[in-house]
Amino acid sequence: MLDTAKRISVYQPEQLGLKYPEIPVFTTLAQERQHRKERLAAACRAFALEGFDYGFAGHLTVRDPERPDLYWTNPMAVHFSQVKVSNLILVDHDGKVVEGDYAVNRAGFVLHAAVHEAHPDILAMCHAHTVYGVAFAALGKKLEPITQDAAVFFEDHVVIGDEAGQVAVETKAGNKVANAFAGVKAAIHQNHGLLTASRHSIDAAAFWFIALERCCQQQLMIDATGITPKLVPPERARYSREHVGSEYIGWLHFQPVYEQLAQTQPDLFR
C-alpha cells in the first residue's frame, strides 16, 4: 500500500503497481521546456477538437522554465489544429518575439503578458472566443453552483466588467484583467469571453477552460427553461471544489486528452 499521507488527492490509487498518470520530474531545464511546449501544442489541438477556433482569435501561454519573464504561445493566424512544437513562439512582456518565425497576437500579448507580469505565480493562461462562454459573458454574472462540475468554480472565478466589449489591444486593458486574477483560476470578461489561469501547468489551465465553457453551456440551457434551479449548497460546493477543482485535478483531467492527441495527431510534436 502507498503512504496515504503523501497523496495529494483522493483520486490517487492506494495500491502499488497500478497504471496511473504521474507528474513528471525533470533533470534539466531543456527537458522541462520541451515538455511545456509539447503540452502547449497539445492544448491548442484540444481546443481545435472542442471547436474553440474563431479565425485568429484565441491564445494560450506558458512560461519558459529557464527564463520565466518570457512565455511560449501559439503563433498568430495559425489554426489551433495546425499548432505544433516547432511553430510556437517565445515572447517577452513587451510583446517582442524572442524566438520563432511568426508574429504574436496583439490582444494575446496585451492580456497574457499583463497577467504573467503581475502574477509571477501564474504559469499558464488560456483564452478563446467560444460560443457559450461569449454568450454567457454578455450576462455579466458569475456561474452558479448548479452542478458538481460548476462547483469547481464556486468562489474561484470573477467577472471582469472593465473594458467590457472593447477589443483588448491597449496595455491598460491588460492591466485591468491582470488585477482581477488574484487568487482565482478563471475569469468571465463581460461581453468578451472566458479566461483561465494555472499556477501548476498548461494542462490544468487548458482543462479548466474546457470545463468552464461546458458549465456556461449548461447554465444557459438551464436558464432557458425558465425554471429556477436547485443550487448546490455553499458548504457542499466548497467540498466539491476542494476535491475536484484543484490544480492537480485539472492537470489529471487533461492527461487522457493529451494521450489521445499524442496517438492520433503525432505531428503536433514536429
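The structure is a predicted model, in which local features need pLDDT of at least 70 and side-chain atom pairs count only at pLDDT 80 or more, while totals for chains, interfaces and linings use all residues. Residues are numbered from 1 along each chain as its sequence is written, and side-chain values use heavy atoms, without hydrogens and water.

The chain holds 8 helices and 8 strands (DSSP runs numbered from the N terminus; helices are H or I of at least four residues, strands E of at least two). Its radius of gyration is 18 Å, close to the 18 Å that the globule rule gives for 270 residues, so the chain is as compact as a globular protein of that length. The radius is taken over C-alpha atoms, and the rule is 2.2 Å times the number of residues to the power 0.38. Along the principal axes, the C-alpha atoms fill a box of roughly 55 × 50 × 35 Å.

Helix 6 and helix 8 pack at about 80 degrees, with axes 7 Å apart. Axes are lines fitted to C-alpha atoms, for helices over the stretch in contact, and angles run from 0 to 180 degrees between N-to-C directions. Helix 6 is therefore roughly perpendicular to helix 8 (65 to 115 degrees). Helix 6 contributes D203, A204, A206, F207 and W208 to the contact, and helix 8 contributes E247, I249, G250, W251, H253, F254 and Q255 (heavy atoms within 4.5 Å). By class, this contact has 7 nonpolar, 3 polar and 2 charged residues.

Helix 8 also packs against helix 1 (residues 29-49), at about 90 degrees and with axes 10 Å apart. These two helices are therefore roughly perpendicular to each other. On helix 1, the contact residues are E38, R39, A42, A43, R45, A46 and L49; on helix 8 they are F254, Q255, V257, Y258, Q260 and L261. The contact divides into 8 nonpolar, 2 polar and 3 charged residues.

A pocket is an open set of points with protein on both sides within 12 Å along at least five of seven lines; a cavity is a set where a 1.4 Å probe fits but cannot get out; lining residues have an atom within 4 Å of a point. Points are joined across faces, edges and corners, and a volume is the space filled by probe spheres set on them.

The largest pocket has about 280 Å³ of space. Of its 14 lining residues, D149, F207, W208, V244 and H253 are the closest to its centre. Helix 4 (148-151), helix 6 (202-225) and helix 8 (247-264) each give two or more residues to the lining. Helix 6 has the largest share, 6 residues. The lining comprises 9 nonpolar, 3 polar and 2 charged residues.

There are 2 cavities of 30 Å³ or more. F56, G58, H59, T73, N74, P75, M76, V104 and N105 form its lining. That lining has 4 nonpolar, 5 polar and no charged residues.

Conventions: On a 1 Å grid over the protein atoms alone, a cavity is a set of points where a 1.4 Å probe fits but cannot get out, and a pocket is an open set with protein on both sides within 12 Å along at least five of seven lines; lining residues have an atom within 4 Å of a point. Ala, Val, Leu, Ile, Met, Phe, Trp, Tyr, Cys and Pro count as nonpolar, Asp, Glu, Lys and Arg as charged, and the others, Gly among them, as polar. Angles under 35 degrees count as roughly parallel, over 145 as roughly antiparallel, 65 to 115 as roughly perpendicular and the rest as oblique.
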